[in-house]
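Have a go at each task before you read its solution.

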Amino acid sequence: MSWWKGFLIFLMLSLCVSSEDSMQYEYLKVPASEFVSSINLIVEVIRQVSSILSQFANFSGDRRLQIAVSDCQDLLDFSSEELSWSASASENPNGKGNGTGNVGSDTKTWLSAALSNQETCMEGFEGTSGLVKSLVAGSMDQLYSMLRELLPLVQTDQKPKPISKPSPVAKGPRAPPGRTLRNTDEDENRPFPEWIRSEDRKLLETNGVSYDVSVALDGTGNFTTIMDAIKEAPDYSSKRFVIYIKKGLYLENVEIKKKKWNLVMLGDGMDVTVISGNRNFVDGWTTFRSATFAVSGRGFLARDITFENTAGPEKHQAVALRSDSDLSVFYRCAMRGYQDTLYTHTMRQFYRDCTITGTVDFIFGDGTVVFQNCQILARKGLPNQKNTITAQGRKDANQPSGFSIQFSNISADAELVPYLNTTNTYLGRPWKQFSRTIFIRNNMSDVVRPEGWLEWNAEFALDTLFYGEFLNYGPGSGLGSRVKWPGYHVLNESGQAYNFTVSEFIKGNLWLPSTGVTFTDGLGI
């Protein structure tokens, strides 16, 4: 009898171990152990590629090549961490971890970002030649293929929630859409993410300034430069670290590295606290590195600040703000530039009550991004140059990324208004094969061309892109002369548009309430 009991115990333990090894979660199409093994293999390849690149880090004689190598090293580092988060989430799917708690959405976001990083790495070698470019291209192709195979293994809850019977829709420029203000008693009782203190919840909407350190050009703060203040912030912090930047024009390029979590930057007002730079492609910078302000650390929040790049239209790509920060928020901020003003590179981002100006592709990147209540203003660029507001960079159909622009004003700045008849402005063009952009309930002025959208290069991506418009109004919103591409859609039903709301597209109900920033979680109808 004792032998038989021993055998049963052995059998049960074996089954438990086997079950643990082959554990399969709802959001994964393969056992978790298999998924993690694939991630570990990719991380090892990244380590090997990084080691090869490090040999060229101090390559002399070609400044653009040296910057491109540096970009790749940072981007590979981003990917390694994003993959690490993905593996950790699959090993502990019931924990909050580094994301929202929706492990499928989190993992899909991070894998998508890792995929985009490899593409950005290669784009940096534009204008260079030789052995290094060829060597990197081979390695990046291998990484890209491996990551592309991982993405379809993750699934998120794609079924939209039931939509209640819509109330009458407000129409016309004098009747803005309804708002759902996320500061109700229900939200007060909502559990906060692990990385936020309850007392921080309304930080971004208070008139008073509570901060850890301050920056002032006149010496009345703790620091005179923003970068010095950032160094003071702890690494991988689970609590907010608030930097108050007093009024002034700060001529510096700011970079917040990936280890600086939960940084908050508060200014004295849009165009009152201004961070300004002029790096650009013509002068030898990669687009990625041209940013006046770049942030990679997760959970970044900014309020009442202007980010600008003053290089001018003749300098081509010149980024004012680049964000790779997951779960980041920009509130009452301005991004001013010409070509490539706002680089929403990767990850989930939210922009509320912001002003964004530019000429060519001035909102671009492969982030999963929602814009609400923003002023999006086209500017006067080079002679005979066409303006394109967006150039979304989704390259794979399994990526969750895209732009959803809602309740905003699409218009021209004062300088462009006299030239509307000679400067054509379009809602967007497809930078990558599966480019995805949706305009929901915006006021479109006559700055927008009747056809609405512009080709990138002949027939490229016209049948694979997803461009949509839903209940926009104003003189530029007419649908009669819009493009007839297979990938262009007029969304006539709220159920079609609902997938691109804050609650669905960026899972905003899981993380935005803790920031205190007002947002509309649905369609506002």
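**Exercise 1. Find the element that holds Thr 390, and decide whether this residue is buried or exposed.**

Step 1: Thr 390 sits in strand 19, which covers residues 387-392. Helices (H or I, at least four residues) and strands (E, at least two) are DSSP runs, numbered from the N terminus. The model is predicted, so local features need pLDDT of at least 70 and side-chain atom pairs count only at pLDDT 80 or more, while totals for chains, interfaces and linings use all residues. Residues are numbered from 1 along each chain as its sequence is written, and side-chain values use heavy atoms, with hydrogens and water left out.

Step 2: The relative accessible area of Thr 390 is 0%, so this residue is buried. Buried means under 20% relative accessible area, exposed over 50%, and partly exposed in between (1.4 Å probe, protein chains only).

Step 3: Now look at the surroundings. Leaving aside neighbours within four places in sequence, Thr 390 is in contact (heavy atoms within 4.5 Å) with residues including Asp 361, Phe 403, Arg 429 and Trp 453. Leu 427 also belongs to that list, and its backbone oxygen is 2.8 Å from a polar atom of the Thr 390 side chain.

**Exercise 2. Check the length of helix 2 and say what its buried residues pack against.**

Step 1: Helix 2 has 23 residues (32-54), and at 1.5 Å a residue it should span 33 Å. The expected span is 1.5 Å times one less than the number of residues.

Step 2: The end C-alpha atoms of helix 2 are 33 Å apart, which agrees.

Step 3: Among the buried residues of helix 2 are Phe 35, Ile 39, Ile 42, Ile 46, Val 49 and Leu 53. An α-helix has 3.6 residues a turn, so residues three or four places apart point the same way.

Step 4: The buried residues of helix 2 pack against helix 3 (63-91), helix 4 (103-123) and helix 5 (131-150).

**Exercise 3. How do helix 3 and helix 4 each pack with helix 5?**

Step 1: Helix 3 and helix 5 pack at about 20°, with axes 13 Å apart. Axes are lines fitted to C-alpha atoms, for helices over the stretch in contact, and angles run from 0 to 180 degrees between N-to-C directions.

Step 2: That angle makes helix 3 roughly parallel to helix 5. Angles under 35 degrees count as roughly parallel, over 145 as roughly antiparallel, 65 to 115 as roughly perpendicular and the rest as oblique.

Step 3: Residues making this contact include Val 69 and Leu 76 of helix 3 and Val 136 and Leu 147 of helix 5.

Step 4: Helix 4 and helix 5 pack at about 160°, with axes 9 Å apart. They are therefore roughly antiparallel. Here the contact includes Leu 111 and Leu 115 of helix 4 and Val 136 and Tyr 144 of helix 5.

Methods:
A polar contact is a pair of N or O atoms within 3.5 Å; within protein, one must be able to donate a hydrogen and the other to accept it, and residues adjacent in sequence count only if both atoms are side-chain atoms.
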